[in-house]
Amino acid sequence: MLAIEKIKKLKRDHLPQITLVTGEDLGQFAVMKQALLQAIAYDPADLTYSYFDLAETDYSLIDMDLQSLPFFADQKVVILDHVLDLTTQKKSYLSDTEAKQFETYLEQPVETTRLLIFAPGKLDGKRRLVKLLKRDAMIFEAEALKEAELKTYFQKLAHEKGLVFETGAFDTLLIKSNFDFSELEKNLLFLASYKSSGQISQQDISEAIPKTLQDNLFDLIHFVLTKKVDQARDLVKDLVLQGEDEVKLLSILIGQFRLFLQTKLLLQKGQSENQIVKELSDYLGRRVNPYQVRFAIRDSRALSVDFLKKSLLLLIETDRDIKTGRLEKGYLFEVALLKIMSIL
């Protein structure tokens, strides 16, 4: 069972002594946080709950509340939000003395207090606070889900909302949402409000879910690679009219063509999709979305390394020319696209 499904089964009267919600998938983390607050029927007006944002509250007030006995019930719930001191993020709110106080409490928590901790990000396993929580707390971690897990969870959610997808439509939704948990959650709500029940078709998805900038850039790349000059020119004009800047569009194109080239070169070295994801994540110093790699492999299959190198160099030179004011940026951007088409 997924962490998000386990959280929804929690009840106020049966909470563990300490509960920690954490994880690097921040979209899923936000959903899990909201689900837990709903599961325990959190009400800020209810005096048996105490909520503290660590970014805004002096720890001495939190410690006092943790140590005090409940007045209005047999138990009280204390909620600590934005506890970044447990994660690898550079931002922290507790001094060394305060961290030690918190450790002392975790070692001997008050029996009548139920503590909920929200810590977005990756847990720092070297910290004593984290070691204590791993030993004593119930931990729910927002981890990137495997494709099968993601599909199963959202198919169940769609069924609960009375939605049934026609063949291929659910895969379109996944791609449209970039296999991102929070995007899928949001887009499923769009579909539910657009069509409260019944069959969901490809057309429903196109009409209900607005196109993102990334969607439009994928279309632009497709037009360029298939030498559809008029469609590419019209799409660029539309994006500029919508307020998008050529420099921003160019930056995204550079990133996409760089990803095409990187995956192509690593495939030639005999690396698998998972190995490519790991190597690129290590190289960039951040976790690369595995689905971006999968689609880059698919979309670059028919493209040569020589073409990708020339195209990437051309885009980088265009970026330089625009930023140095060599010529008008709209003109330079359009010329770059035409040149890429000419070397296909």
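How many helices and strands does the protein chain have?

1. The protein chain has 16 helices and seven strands, where helices (H or I, at least four residues) and strands (E, at least two) are DSSP runs numbered from the N terminus. The model is a predicted one, in which local features need pLDDT of at least 70 and side-chain atom pairs count only at pLDDT 80 or more, whereas totals for chains, interfaces and linings use all residues. Residues are numbered from 1 along each chain as its sequence is written, and side-chain values use heavy atoms, with hydrogens and water left out.

2. Overall dimensions and burial. The C-alpha trace of the protein chain spans about 75 × 50 × 40 Å along its principal axes. Of the 344 residues in the protein chain, 47% are buried; buried means under 20% relative accessible area, exposed over 50% and partly exposed in between, with a 1.4 Å probe and protein chains only. Among contacts in the protein chain with a separation of 6 or more, 75% are between residues 24 or more positions apart, a contact being heavy atoms within 4.5 Å.

3. Nonpolar cores. A nonpolar core is a set of buried Ala, Val, Leu, Ile, Met, Phe, Trp, Tyr and Cys residues joined through side-chain atoms within 4.5 Å. The largest has 45 residues, and Phe 154, Phe 165, Leu 173, Leu 188 and Leu 191 have the most contacts inside it. Helix α2 (residues 26-39) gives the most to this core, namely six residues. Apart from this core lies another, of 39 residues, including Leu 253, Leu 259, Phe 260 and Leu 315. In soluble globular proteins, nonpolar side chains tend to be buried together.

4. Helices α7 and α8. The axes of α7 (residues 169-176) and α8 (residues 181-194) come within 9 Å and cross at roughly 130°, which makes α7 oblique to α8. Axes are lines fitted to C-alpha atoms, for helices over the stretch in contact, and angles run from 0 to 180 degrees between N-to-C directions. Angles under 35 degrees count as roughly parallel, over 145 as roughly antiparallel, 65 to 115 as roughly perpendicular and the rest as oblique. From α7, Leu 173, Leu 174 and Lys 176 meet Leu 184, Asn 187, Leu 188 and Leu 191 of α8. The residues of this contact comprise five nonpolar, one polar and one charged; Ala, Val, Leu, Ile, Met, Phe, Trp, Tyr, Cys and Pro count as nonpolar, Asp, Glu, Lys and Arg as charged, and the others, Gly among them, as polar.

5. Two residues of α8. Asn 187, found in helix α8, is buried, with a relative accessible area of 3%. Leaving aside neighbours within four places in sequence, Asn 187 is in contact with Leu 173, Lys 176, Ser 177 and Ile 209. With such neighbours likewise set aside, Leu 188 is in contact with Phe 154, Leu 157, Ala 158, Leu 163, Phe 165 and Leu 173.

6. Helices α12 and α14. Helix α12 (residues 246-268) packs against helix α14 (residues 290-299) at an angle of about 80°, with the axes 9 Å apart; the two are therefore roughly perpendicular to each other. Leu 259, Phe 260, Thr 263 and Leu 267 of α12 make the contact with Gln 292, Val 293, Ala 296, Ile 297 and Asp 299 of α14.

7. Strand β1. Val 21 is found in strand β1 (residues 18-23) and counts as buried, at 0% relative accessibility. Beyond neighbours within four places in sequence, the contacts of Val 21 include Ile 7, Phe 29, Met 32 and Phe 140.
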